[in-house]
Amino acid sequence: IYPTNQARWQMPPPHLPGPPSADGVVKLGPILPGDYLVAALAPADFLALVNDASRVPDLAAVAARVTFSEGDVRTLEMKVTPLPAASGR
């Protein structure tokens, strides 16, 4: 999960609170209100983001755009999506 506002991008990216449950559910803690890019990535693709900040725009190409409001509680069903190949920036 990344804010859509590039000025708020963190490196390394925020880590998940732990591995998915047996049924594939990942629970995130509180999230500040705002617009976000959300994607379920394979571990190798997540590591690509950790190791190369220039790959975040590649995430934007495959992520869902989600707006969270104050007090929002919701469930998003997502399938693991591959990160596009590096574009050679």
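1. Helices here are DSSP runs of H or I, at least four residues, and strands are E runs of at least two, both numbered from the N terminus. This is a predicted model: local features need pLDDT of at least 70, side-chain atom pairs count only at pLDDT 80 or more, and totals for chains, interfaces and linings use all residues. Residues are numbered from 1 along each chain as its sequence is written, and side-chain values use heavy atoms, with hydrogens and water left out.

2. Which residues of α1 are buried? In this helix, residues 43–51, they are Asp-45, Ala-48 and Leu-49; buried means under 20% relative accessible area, and partly exposed is the range between buried and exposed. These residues cover an arc of only 95° around the axis, so they lie on the same side of α1. The arc is taken over the directions from the helix axis to the C-beta atoms. An α-helix has 3.6 residues a turn, so residues three or four places apart point the same way. The cover over the buried residues of α1 includes β1 (2–3) and α2 (56–62).

3. The ring centres of Tyr-36 and Phe-68 are 5.6 Å apart and the planes stand at 65°, so the pair is edge-to-face. Tyr-36 belongs to strand β2 (residues 34–38) and Phe-68 to strand β3 (residues 64–68), so the pair ties together parts 32 residues apart in sequence. Tyr-36 is buried at 5% relative accessible area. Phe-68 is buried at 9%.

4. Met-78 lies in the segment after β3. Its relative accessibility is 36%, which counts as partly exposed. Beyond neighbours within four places in sequence, Met-78 is in contact (heavy atoms within 4.5 Å) with Val-38, Ala-39, Ala-40 and Ala-64. Met-78 and Ala-39 are 39 residues apart in sequence, yet 7.1 Å apart C-alpha to C-alpha.

5. Arg-55 and Asp-58 form one, at 2.6 Å, N to O. Both are buried. Arg-74 and Asp-72 form a salt bridge with closest N and O atoms 2.7 Å apart. Arg-74 is partly exposed at 41% relative accessibility, and Asp-72 is partly exposed at 33%.

Methods:
Buried < 20%, exposed > 50% of the residue type's maximum accessible area, 1.4 Å probe, protein only. Phe/Tyr/Trp six-rings, centres within 6.5 Å; stacked < 30°, edge-to-face > 60°. Salt bridge = Lys/Arg side-chain N within 4 Å of Asp/Glu carboxyl O.
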